[in-house]
Every structure is written in C-alpha cells, then in structure tokens.
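Let's take a walk through a protein together, one stop at a time. Have the sequence and the 3D view ready, and look up each residue as we reach it.

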Amino acid sequence: MYIAGEWCFAESGATFPTIDPNTGREIARIPRGSASDVARAVEAAAGAARDWQFTDAIARAALLRRLSQLVSANTADLAELEAVDSGHYLSKARDLVTAIPLWLEYWSGMADKVNGRTITVPGEKMSLTVLEPLGVTAHIVPWNYPLLVMVRSIAPALALGNTCVVKPAEDTSLSALKFAELVEQAGFPPGVFNVVTGMGAEAGAALASNPKVRGITFTGSTETGRTVAKLASEHIAQLNLELGGKSPLIVLPDARLDDAVEGAIQGFCSHAGQVCVAGSRLLLHEAIADEFLNRLEARLKDTRIGDGFDKATQMGPVVSQKQYDRIMSYIEIGRQEAELRIGGGRPANVGPDGYYIEPTVFDNVSPRARIATEEIFGPVTAVIRWNDVDELLKLANDSDFGLFSVIWTESITKALNIARRLETGSVIINDWFGELPMTPHGGTKQSGLGREEGFEAVHGYTQVKHIGINLEERLTTNWADAPL
C-alpha cells in the first residue's frame, strides 16, 4: 500500500487474492488493510493537509499536469492492469486510460480559477467569500471503472487543495497501486495521496467513519451508499454519492432505428452491463417495437464475447464469481416474469473458465417486475412497450432510481419536452455516452446526491468561508444598539 509517501504492507501482514475474471485464476495477492492502516493513512493526509492547502495553486496544477503526462506514458501498463483485473477487453481499457489525462488536465486548469465572490451589503462594509478545501477527503472506488472513477474524484480534490485517501475495490486494486507509483514519480508531497487496499467492511468502513475525514466520495450500490452515509453522519462529513441506476432508454416511432439499436447495445452490453448508467430498461413505442427487436437480435448475434486479451473481443466477462451468480439468478427470475427474447446463458464460443454471460433481452416485461425495477448490473435489459407520451413518462419515472436516461427521436421538440419531465440527473438525446470532465454527472432519488465532474464538482470538494470587513474609521454603534 502507499501511505505517507512510503510503500508498506498491512500492519497485520494479511493479504487477499485478486482474480482474473477472464480465467477465474488468482493473479496476485494484495495487502488486506485494516482500521489501523486506514488510521495511519488518514493521519498522513491530515498532516499534509495544511501545507498542501497553502501550496500555490499554480504549483498544484503543475504537479497534476506532470501526473497527466506520466499516465499517458504508462497507458499500456495501466490498460493491461485494468483488463486483467476488471474484465475490460484490452482495446476498451486502452481507450479508457487514454481518456484519463483529460480529467487531470481539466482540473489542473481549474486549480487557479476557482474563486469566491464579493457581496454588496448595507453601510460602509464589505463582504466577500473564499472557497477553501475540506481537508482530508476519502475516495471509495468501485470495481467497474476503477481507474477512471478514482481519477474523476481525486483530480478536483487535489487541484482544490485537499489531501486524499483512496480505498479501491477489493476486486480491482491493481491500477490504483500503479497510479500511486506515478503520483510518487510526479513529485507530490508525502501524505497528499494515499492508497489503502482491503475489504469494504473493514478498510472502507474505517475510512468512512474516521472523524478526520471531512469529505467522502463513494460510487457503488445504493445499499452500501446508505451505510457510508450513516457512517459519515456520525462526524458530519460532506458526501458525494453516485449510487445505483435503472436507466430508461426511450425509443420514439420516428427514431433512426439502426442508431438506436447501436445505442441500446452500448447501453446494456458495455463492460458486460456493469455500468451505473446501463440502459437496463428499454422503453419501445409499440409501433416500432417488433422491428427494433428484430434488428437488435441480428446485431447481438454478431457480438464477439471472450477473453479481454483477444483482439476480436467486444464484450468480456463480468468481474467475479459473485457477480456472475447474482446476474444468473436475475436471469432465472426473468424467465418466470417475462418472455426471454435473446440470450440467457453462457456464450457457446467460450470455454469453461471465466465469468461470461450472453447479452440477454426480456420482452413484454411488466413495469413492476423485479427485472424492471432492481439493478442487475449485468448484460440484461427489460423491454417495456408504450403507446403515448404520458404513459411513457409514467413508466420512465416509476423507479426508485434517477441517474441517467436516453431519448431517440428525430424531433428535438419532443425530445426536449420529454427530457424536462424525466426524473434523472442526465438526459442524452440521440446518442449514448458516459462522462466527460467538463459536464456534471450524478443522480436523483436513490441514485445519489452531489455531482462529480464539471464546475458543479467544485461544491463537493470545497467549503465557503464568509469574511466581513467594516470600512468605517471607527466603530460608532453602541453595543446595546447593535443588530445582534
């Protein structure tokens, strides 16, 4: 692990395995950090916080740019680690790693541009605000996009003067450890960035409950997010939570069907459906539903599923045996609730090893079926048919989640009218794309609170201080007549 600028093992000496989801075999053993290791990391971050806060913003920006250059220079190594650890196929892992410098460059540019404001007040007085860092921030990272999700939160945190303690997911810790090597090479002061590996119930819980942690960013399930929020509430830490999703992908009768089909495949097959924004509810207008599904079935027959290091692969395995069993249990539930249209099993072209699942489509799904309401987090989508826009909006918004939605239509007027009435944090029209460093990302309802990315992310990593100044030469008000 990386604590206070030093590489170390867990104090207990305990380790745990990380598994290659392509084969199901152990590829490495990682330190199993405990509460004492987390405490050391938080103390290191707290010790570095004051100096880092008052490090010139231009100097912080220069270190982030240097780190960005090192990530670019190590793209091949980072991509291989992501592929072998999380199941991304190699070319997609390279694309993801190639994009990561965008986040570091964006926030390096923002470091000296985030300011407070002056406020007009009555009398001979001046008021102003300054934005200050929170101090120690905790970053509890999921296993589906481990490096990208880590960087999207530590980049603004570091740029704005916070120090960081990262707890990567136990299934996918390798890229965080490699990234820590690059942080060290870039020349960040000891304690500014720390990584503690371990189990969520041990290291993650200890990090979220540490009273010196002033801000927590967590991406993961709604259930675990509730636990993090409860732990944070004990010491009133600021929270950013990106939680579960059950995103509606809406297709109107006038949509370009071939484009919408491609968007649907991206929506529920990207990273084998292990995406918070996955389009796992496919809301098709009755007039085009059958034609859409025929085209979708034809395209899915050409999908190449297999080992992430095979250049032909378009969809790799799910991350673990636990995740595989969970998804297959939902597929069995779906067989009882709806009509299995496509998939539902293990791909015929793969061997017995690895955690592979076919893209699976259920048709004629009841809006309140479990496969339509619960987050499966696998390559499974539920088709729900509709006839008019009022019915569509009721179906789309009838969810505990509210992270992301997509609309396919040739009418921008229809699209915007629907978009304004959808209860989700993001709406994408005639496309499917995930995140960019300059656009805000986050959810409503049980999909979380706060926003990552974009200028809106500043609020997640700063606190406002008000400063008032009396400009009169002497205080003329008798204390008894003062307003308080």
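Predicted model: local features only at pLDDT ≥ 70, side-chain atom pairs only at ≥ 80, totals over all residues.

Now find Asp37, which sits in helix α1, the stretch covering residues 35–53. Is Asp37 buried or exposed? Its relative accessible area is 0%, so Asp37 is buried.

The side chains of Arg32 and Glu202 meet in a salt bridge, with 2.7 Å from N to O.

How many salt bridges does a search of the whole structure find? The search turns up 27. Let's look at a couple of others. Glu181 forms one with Lys178, and the closest N and O atoms are 3.2 Å apart. Glu181 is partly exposed at 32% relative accessibility, while Lys178 is buried at 16%.

Next comes the pair Asp390 and Arg421, whose side chains meet in a salt bridge at 3.4 Å, N to O. Asp390 belongs to helix α13 (residues 389–397) and Arg421 to helix α14 (residues 412–421), so this pair ties together parts that are 31 residues apart in sequence. Asp390 counts as exposed, with 56% relative accessibility, and Arg421 is partly exposed, with a relative accessible area of 44%. Salt bridges can also join up: Glu286, Asp290, Glu297, Arg341, Asp363 and Arg385 are linked in a network of them.

Time to look at empty space. Rolling a probe the size of a water molecule over the atoms shows where empty space is left. In this model, the largest pocket has a volume of about 1300 Å³. Its lining is made up of 43 residues, and those nearest the centre are Trp143, Gly220, Ser221, Thr224 and Lys322. Which element gives the most to the lining of the largest pocket? That would be α8, with seven residues.

Let's turn to the backbone for a moment. Most residues other than glycine have a negative phi. Ala4 is a residue other than glycine with a positive value, near 55°. You'll find Ala4 in the loop between β1 (2–3) and β2 (6–7), and its relative accessible area of 33% makes Ala4 partly exposed. Glu453 has a positive phi as well, about 70°. Glu453 lies in the loop between β21 (448–449) and α15 (458–461), but Glu453 is buried, with a relative accessible area of 0%.

Another loop worth a visit is the one between α9 (257–269) and β13 (281–285), where Val277 has its place. Val277 is buried, at 8% relative accessible area. Beyond its neighbours within four places in sequence, Val277 is in contact with Ser247, Leu403, Phe404, Trp432 and His441. Val277 and Leu449 are 172 residues apart in sequence, and their C-alpha atoms are 15 Å apart in space.

Our last stop is on the surface. Met126, Ile467, Ile469 and Leu471 form a nonpolar patch there, with about 310 Å² of accessible area together. One of them, Ile467, lies in strand β22 (residues 462–470) and counts as partly exposed, at 33% relative accessibility.

Note on methods: Residues numbered from 1 in each chain as written. Heavy atoms only, no water. Patch = residues over 30% accessible without salt bridge, like charges linked within 9 Å, V, L, I, M, F, W, Y side chains within 5 Å. Areas by Shrake-Rupley, 256 points an atom, 1.4 Å probe, with all protein chains shown as cover. Salt bridge = Lys/Arg side-chain N within 4 Å of Asp/Glu carboxyl O. Helix = DSSP H or I, 4+ residues; strand = E, 2+ residues; numbered from the N terminus. Buried < 20%, exposed > 50% of the residue type's maximum accessible area, 1.4 Å probe, protein only. 1 Å grid on protein atoms, 1.4 Å probe; cavity = no way out; pocket = protein on both sides within 12 Å on 5 of 7 lines; lining within 4 Å. Points joined across faces, edges and corners; volume = space filled by probe spheres on them. Contact = heavy atoms within 4.5 Å.
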